[in-house]
Amino acid sequence: FKTPLVSSRLGSYSLEVDVFAPEPKQCVCWSSGSCLLCRSNWTVEVLGDAMETPLATNDGLFVGFPLVSEVTWAVFAVRAPPQAELDITIRLTKVGAVPATVLIVTAPIGYDFPYQCFSAGSGNSTVAGLPVFTTCTGRLNSAMLLLDEQGLFRSSSVMLRITTPSLVPEDNRWYIEGRQLEGNTQVCWGVTSGLTSQKM
């Protein structure tokens with residue numbers, strides 16, 4: 001777009017534009033494994049009235065940002081009585097373009113994950129073709145799940161152990177964040193509605 005600029009002594013500028021994020025297949029450097037998903041430099045130029053030679057430029061030195069995919073997921077339980085230890089199922093139906101090797105699940109305040117938070121017999125390392133969850137470490141209302149080097153490359157589910165609160169939290173949303181262990185880069189995220197507590 002066009003807008004006249006004044007001397008930097010008189011003010012600064014903030015630019016906001018809407019853009020469509022590219023598909024993974026459009027990010028050539030990511031497809032070849034030489035960069036994070038669509039992480040590339042952005043160029044900003046100031047042009048004169050002739051719209052030919054730039055009057056100022058950042059020389060393409062503004063580093064862009066990696067894209068973060070949205071995860072579609074849900075939390076299930078056979079029953080959810082208050083203040084009870086039970087098994088829940090995390091079902092991931094749509095995963096990100098870049099496979100996460102670390103998942104951080106955050107339950108509402110009041111829930112409590114045990115330190116070793118896998119349910120008994122919940123491992124899927126013997127099932128071919130599925131993501132492999134290796135460890136689950138819980139602390140308060142958060143659980144960190146590690147996967148093998150393939151990461152979360154397709155839809156999957158995993159069962160965790162958790163203790164429910166005495167009352168349904170006012171904010172009952174659950175959050176999930178996916179990161180790559182190498183570089184500690186966020187690659188996906190998601191939010192879903194939580195469990196409804198049932199009386200015994």
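This is a predicted model: local features need pLDDT of at least 70, side-chain atom pairs count only at pLDDT 80 or more; totals for chains, interfaces and linings use all residues.
Numbering starts from 1 along each chain as its sequence is written. Local features need pLDDT of at least 70 and side-chain atom pairs count only at pLDDT 80 or more, while totals for chains, interfaces and linings use all residues; side-chain values use heavy atoms, with hydrogens and water left out.

I start with the core. The largest nonpolar core has 31 residues; such a core is a set of buried Ala, Val, Leu, Ile, Met, Phe, Trp, Tyr and Cys residues joined through side-chain atoms within 4.5 Å. Buried means under 20% relative accessible area, exposed over 50%, and partly exposed in between, using a 1.4 Å probe and protein chains only. W73, I88, L92, L103, F113, L145 and W174 have the most contacts inside this core. Strand β7 gives the most to it, with four residues. Strands here are DSSP E runs of at least two residues, numbered from the N terminus.

L92 is in contact (heavy atoms within 4.5 Å) with residues that include W73, L103, F133 and I176, leaving aside neighbours within four places in sequence.

Next, A100. Where does A100 lie? A100 is in the loop between β7 (85-94) and β8 (102-106). A100 counts as buried, at 1% relative accessibility. V187 is 87 residues from A100 in sequence, yet their C-alpha atoms are 6.4 Å apart. V187 is also among the residues that A100 touches, as are L147 and C188.

Last, F62. This residue is found in strand β4 (residues 62-63) and is partly exposed, with a relative accessible area of 47%.
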